[in-house]
There are 2 protein chains.
Amino acid sequence: MDAALHESPARMLARAGIEATPLRLAVVGAMAGAGRALPAGDILALVRRLRPANRVTLYRILDLLVEKGLARRHSAGDRAQRYCLEPGTAGAPHGHAYCVRCGAMQCLPQGAGLADVAALGAGLAMDVLSVEVRIDGVCAACRESKGRPAGAAVDGDPGNS
Amino acid sequence: MDAALHESPARMLARAGIEATPLRLAVVGAMAGAGRALPAGDILALVRRLRPANRVTLYRILDLLVEKGLARRHSAGDRAQRYCLEPGTAGAPHGHAYCVRCGAMQCLPQGAGLADVAALGAGLAMDVLSVEVRIDGVCAACRESKGRPAGAAVDGDPGNS
DNA sequence: CCGACAATGCAACAAAGTTGCATCACAAAG
DNA sequence: CTTTGTGATGCAACTTTGTTGCATTGTCGG
């Protein structure tokens, strides 16, 4: 996820061939700043700290980012999909650590155990497109503070457009 | 998934300490018969071939099965969770192969590449509860028959309660 | 200024679950 | 036999997350 941390949102959009708009910059900025996979609702809350934004537009931007390879969509155990910025090196997959207590979804370093899993798919009588690896558990922060969820959702106003 | 295939629904419920009812037997029977992870909607359709059944009751039964360790809940790329019968040997995880075309979710043999991934979680500063491994791609049936989805959903009447 | 086209917004819809409460069935108590 | 309690089931309404269709805005080339 280095690229996401060291590259400006504008640069990332340009790299993916996506026209930069204030909203898109805000979305990419929010995702890059978080440093982990966020549900659409959290991204929306983050973006709305900077500017009003519409739910539908956000979903369309996320779809666009995914389609252009800038972001990836991952399923957590819950109902909401999480989105995280692609490491730049296109196609390089990475797993995630999902905290079932606070819902945070940390990106795991690339390669960790993934090559093996990918090889598994190769013997499968199926055209493999991608591999999802998710470790479910309780993160360190939540383990310490039994009781209140730690580092959970964004606190931005969830008020509607 | 051997246990699921060779054990009667009644026996499985007994083993998990769940009281057997006609509906629960039908649910377990449907899941065992499918031999793969099914979304709640498909299970409902299968059960309704035998008897009328309510959506809510099905969800409650599925929750119960998961809670008692008889079944496992897995997220596919889409919105619906899939449920499959636990191999009996409690906690033994297995991955899944998800076809993005027809939505079928085959259970992978245990152990295949999973031990390695589990080890990955061990170094994570987090209490690992479980590991989800999903291979997304296009299954053999769908690859052959480009066009119509193959082996997709159940054809039962999706009519309501 | 005008038309085209992309981006955004709004409202309504849709799918998958969830919740609260009514009802039913069956068993134990009286 | 009737009563009463408990768990299973059913029903309706609601929530969350995402999608679709259409209207509006904004920008660019002419």
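How many bridges join strand β6 of chain A to β6(B)? There are 13 bridges between β6 (residues 126-139) of chain A and β6(B), and the two run antiparallel. Strands count as paired when DSSP finds at least two bridges between them. Helices (H or I, at least four residues) and strands (E, at least two) are DSSP runs, numbered from the N terminus. Within this pairing, A:Gly137 stands opposite B:Val128 of β6(B).

A word on the model: it is predicted, so local features need pLDDT of at least 70 and side-chain atom pairs count only at pLDDT 80 or more, while totals for chains, interfaces and linings use all residues. Residues are numbered from 1 along each chain as its sequence is written, and chains are lettered from A in the order in which they are written.

Now to the two copies.

The same surface serves both copies, as 100% of the contact residues of chain B recur in chain A. Contact here means that C-beta atoms, placed from the backbone, lie within 7 Å. On that basis, 30 residues of chain B touch 30 residues of chain A. β6(B) gives the most to chain B's side, with 14 residues. That side is made up as follows:

| Class (members) | Residues on the side of chain B that touches chain A |
|---|---|
| Nonpolar (Ala, Val, Leu, Ile, Met, Phe, Trp, Tyr, Cys, Pro) | 17 residues |
| Polar (the others, Gly among them) | six residues |

Terms used
Contact = placed C-beta atoms within 7 Å.
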